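Subject: Model and notes

Hello,

Here is the structure I said I would pass on. My notes come after it.

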Amino acid sequence: MKISIGNDHAGTDYKLAVIKHLEAKGFTVTNHGTNTSDSVDYPDFVHPVAKDVESQKVDFGIIICGSGNGANMTANKHQGVRSALCWTKEIVALARQHNNANILSIPARFTALPQAIEMVDTFLETAFEGGRHETRVNKIPLSC
């Protein structure tokens, strides 16, 4: 499985830990984030992740910033992206099961690192249920 990951300065430590975790499990990870704690603009690191997901170069994306909100808003500007801002594994599971989320947005300042790792595992291990949820997901994109 191929994963694209990006972050701002608030998410660097989490991103590095997530990459290590994923690579130990045999995943291929494309790192678009910053690798320092120097202040940066999150869209510069989130747009490449969303483009990877949008173009299907990767299976899933993970984005990390302080609140998760800015990164999530940025990713969801891309067609075909369904980024979910999550702070518990239960919300992550529902985002995959019911919304077919393809990007997980993690709020680094509001989750503990072990919790974030658990959320990543839940995200990658949970399947979309389809059925009535697929009808709803298909109504998300705007057709102008």
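The notes below cover a helix pair, the salt bridges and a few loop residues.

This is a predicted model, in which local features need pLDDT of at least 70 and side-chain atom pairs count only at pLDDT 80 or more, while totals for chains, interfaces and linings use all residues. Residues are numbered from 1 along each chain as its sequence is written, and side-chain values use heavy atoms, with hydrogens and water left out.

Helices α4 and α5

Helix α4 covers residues 89–99 and helix α5 residues 113–125. Helices (H or I, at least four residues) and strands (E, at least two) are DSSP runs, numbered from the N terminus. The axes of α4 and α5 come within 9 Å and cross at roughly 20°. Axes here are lines fitted to C-alpha atoms, for helices over the stretch in contact, and angles run from 0 to 180 degrees between N-to-C directions. The two helices are therefore roughly parallel to each other; angles under 35 degrees count as roughly parallel, over 145 as roughly antiparallel, 65 to 115 as roughly perpendicular and the rest as oblique. The crossing of α4 and α5 is right-handed, a term used if the near helix is turned clockwise from the far one by less than a right angle, and left-handed if anticlockwise.

On the α4 side, Lys-89, Val-92, Ala-93 and Arg-96 meet Glu-118, Met-119, Thr-122 and Phe-123 of α5. Four residues of this contact are nonpolar, one is polar and three are charged. Contact means heavy atoms within 4.5 Å. For the classes, Ala, Val, Leu, Ile, Met, Phe, Trp, Tyr, Cys and Pro count as nonpolar, Asp, Glu, Lys and Arg as charged, and the others, Gly among them, as polar.

Salt bridges

There are four salt bridges in the structure, each being a side-chain nitrogen of Lys or Arg within 4 Å of a carboxyl oxygen of Asp or Glu. One of them joins Lys-89 and Glu-118, at 3.7 Å from N to O. This pair links helix α4 to helix α5, across 29 residues of sequence. Lys-89 is partly exposed at 35% relative accessibility, and Glu-118 is partly exposed at 39%. Buried means under 20% relative accessible area, exposed over 50%, and partly exposed in between (1.4 Å probe, protein chains only).

Salt bridges that share partners also join Lys-25, Asp-121 and Glu-125 into one network. In the bridge between Lys-25 and Asp-121, the closest N and O atoms are 3.3 Å apart. Lys-25 lies in the loop between α1 (12–24) and β2 (28–31) and Asp-121 in helix α5, so this bridge ties together parts that are 96 residues apart in sequence. The bridge of Lys-25 with Glu-125 has an N to O distance of 3.6 Å. Glu-125, in helix α5, is 100 residues from Lys-25 in the chain. How do the accessibilities of Lys-25, Asp-121 and Glu-125 read? Lys-25 is partly exposed at 42%, Asp-121 is buried at 18%, and Glu-125 is exposed at 60%.

Loop residues

Most residues other than glycine have a negative phi. Gln-56, which is not a glycine, has a positive phi of about 65°. Gln-56 sits in the loop between α2 (43–54) and β3 (60–65) and is exposed, at 67% relative accessibility. Asn-100, also not a glycine, has a positive phi of about 50° and belongs to the loop between α4 and β5 (103–107).

Tyr-42 is in the loop between β2 and α2 and is partly exposed, at 32% relative accessibility. Not counting residues up to four places away in sequence, Tyr-42 touches Asp-8, Gly-70, Ala-71 and Thr-74.

Asn-76 is in the loop between α3 (69–75) and β4 (83–85) and is partly exposed, at 32% relative accessibility. With neighbours within four places in sequence left aside, Asn-76 is in contact with Val-81, Arg-82 and Ser-83. Asn-76 and His-47 are 29 residues apart in sequence, and their C-alpha atoms are 9.6 Å apart.

Regards
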